[in-house]
Amino acid sequence: MSRTGYVIGAGLASGPVEVDGWCVAGEVTLHNAAALRVQLAAAGAPAPDGCGDLELLARSFVRLGRAGLRAANGMFTVALSRADELVLIRDHVGARTAYYAHTPRGWAAASSLRLLRDHVVAWRVDLPAIATFLTFAYLPGTETLVEGVSELMPGRITRLGPGGAAASEAFWEPQERIDADAEHVGRLREVLEQATAARLPEAKPVAVTLSGGIDSSLVTALAAKLHTHPVHTYSISFGDELPNELAYSGLVAVHCGTAHRALRVDGAQVAGRLAETVALLDNPVGDPLTVPNLMLAEAMAADGMGVALNGEGGDPVFGGPKNVPMLMFELHRVDPSPDARADAYLRSYRKCGEDLPRLLTPAVREALTSAPPLRRLVQPYLEGPMTAQLNRLLHANLRTKGAHHILPKVERLTAARGVEARAPCSTRSSSISPSPCRRGSNSWTGRRSGCSSRPSPTCCPTRSCTGPRAGCGCRCSSGCVGRFATSRRRAAVPVGDGPRPAAARCRGGLARGAGKPSLPARRQALAGADARALAARPRGLIPAQFAHVTDRCHQIDDEVWAAYSARLDRGLDELQVEMARAADHPDSGPSVDDVVFVRTARLQLDGVLVRLDVPGAAPDQARVRKLAARNQRTRGSGLEQAMAELRRAAR
């Protein structure tokens, strides 16, 4: 333990250093160190040349107080000790975290629960935290699974004194600003560009985890546009038999000219490495992507990457998955009690909260009778201080799941393999970036607010921007809105390692054909589609099979690729029209579900045929061509079995 009371282990922690009588240690990465130096110099306390991020942040706090912390842009947990006082600070949005406990020797803090084990006398499970975890699948607030050990809250200064005295004060909290006249869309683009540029490493390649969703796709496009060194993208596949988004991530990678790599993860790997992965998280996280996140970090580390950008935090900041059920609750609310909203928010997690009476033993239930209600963890955000209900939801998302699940999970797992994860979507600036909302414009919300938000097609292929995760108002769960629109952008883009030719880099422009309908028009054409029928469609339609083409697109002739992209584009247009027709006339033709399946099967078939001419695409091309010809004639219930046979043969 250092003199600060901060337990320093292996990893990113540094210190101790002396700053004006304070002993300082912590984990600090600043993205605006130059601006802080200017601010300190203006205050008459210039930072010495050569001081690192830890010392610079400490000097900003000691000299300027909360204003110095608010001005910082970065990821950090810091401990400052002087005499019998210990001060702990966690960054604005919670990109990094730390824990503290009162021990027989006084206060102790560390960036990991395991580092505190030798300093906490009674290492017992905290029963109320078990109930919290079963409800949320993570631990929001200050709770941990260890009795007597607490987690720091984001954007707060925690002061610990003698005799167990503890007090906390905020240095930053999102503010609500509703301004109908502000140009929020342009401001959001500016904020995202600045956040991405600030997180790019100097004179080194950068990695980006690319799922194919709108957040990671935007970060990828901006990194490719702004960085002067190679951009490497990494995606996950769970096999051809399971749904995946390789089609979307592959399109973005090709469009932006990145060196793309897709990792295959199967169930046996996840099960075999689950215990190891959970041990790295300290606080438990019920997230099926924990092991894949660790494996991505290992792949990036093996490729020599030191910094990895991601789209994490986009959901909490710009409108998480709780928005739709919670907004529906408000529209149909019949319970006027003050606790109804918070209880509905807990139910929206759809975990085990309502089943706790049946899951817990009588002895545990008895022990929990005096525990404070779980709604206390979300009620302060859902009932104020913001006035717009949508803003209250985003506030709750940011301060609970964002700070205690999404950001710490990725940061812990990547740091364990020597890679620093940076999330441009979770900068404190993006937390006040706006998009049109209600009658006016709301400067806290972002593009996924459940309003009339639109993606920016100047960064990414519109097919990616309007996929099922984009939150752009599409009722089609398969993400059938939009185009692949890649044919003019694919100019001999290399998919392997090495620097990209200048012509292959994303320049913020997107080739568009004449007369193509706008996104609002395409959404309107789908307005009558039956979402439930689409949700029940057979798995593995376009995404899985399009991956068979994109994973070898660099080996496909340019003219063949352009023709295939055009056919795929037309096929999606025709699918859209047929879906609208089927939805408008449900009793006089095929169902929406049948239309989706048959049409997308035909598009898959086209992709398989294109891939047949790629070297090493299939061991028996003659057999595959025969199966493809047969499938061209197959319709009805036999098509699914025929396509499954074709997919197996075409691998």
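**Exercise 1. Which residues touch the most other members of the largest nonpolar core, and how many residues does that core hold?**

Before we start: this is a predicted model, where local features need pLDDT of at least 70, side-chain atom pairs count only at pLDDT 80 or more, and totals for chains, interfaces and linings use all residues. Numbering runs from 1 along each chain as its sequence is written, and side-chain values use heavy atoms, with hydrogens and water left out.

*Solution.* 
- Step 1: A nonpolar core is a set of buried Ala, Val, Leu, Ile, Met, Phe, Trp, Tyr and Cys residues joined through side-chain atoms within 4.5 Å. Buried means under 20% relative accessible area, with a 1.4 Å probe and protein chains only.
- Step 2: read off the core. It has 44 residues, and Val24, Leu57, Phe76, Val78, Leu80, Ile89 and Leu309 touch the most other members.
- Step 3: look for another one. A second, separate core has 18 residues, including Phe136, Met153, Tyr349 and Ala396.

**Exercise 2. Work out how Tyr138 sits among its aromatic neighbours.**

*Solution.* 
- Step 1: set the rule. Rings of Phe, Tyr and Trp (its six-membered ring) pair if their centres lie within 6.5 Å; planes under 30 degrees apart are stacked, over 60 edge-to-face, and the rest tilted. The structure holds 5 such pairs.
- Step 2: take Phe136 and Tyr138. Their centres are 5.7 Å apart and their planes sit at 65°, so call this pair edge-to-face.
- Step 3: now Tyr138 with Tyr349. Here you get 5.9 Å centre to centre and 55° between the planes, a tilted pair.
- Step 4: Helices (H or I, at least four residues) and strands (E, at least two) are DSSP runs, numbered from the N terminus. Tyr138 is in the loop between helix H5 (127–136) and strand E8 (149–151), and Tyr349 in the loop between helix H13 (340–347) and helix H14 (356–359), so the pair ties together parts 211 residues apart in sequence.
- Step 5: check burial. Relative accessible area is 1% for Phe136, 0% for Tyr138 and 6% for Tyr349, so Phe136 is buried, Tyr138 is buried and Tyr349 is buried.
- Step 6: zoom out. Phe136, Tyr138, Tyr345 and Tyr349 form one aromatic cluster.

How values were computed: Buried < 20%, exposed > 50% of the residue type's maximum accessible area, 1.4 Å probe, protein only.
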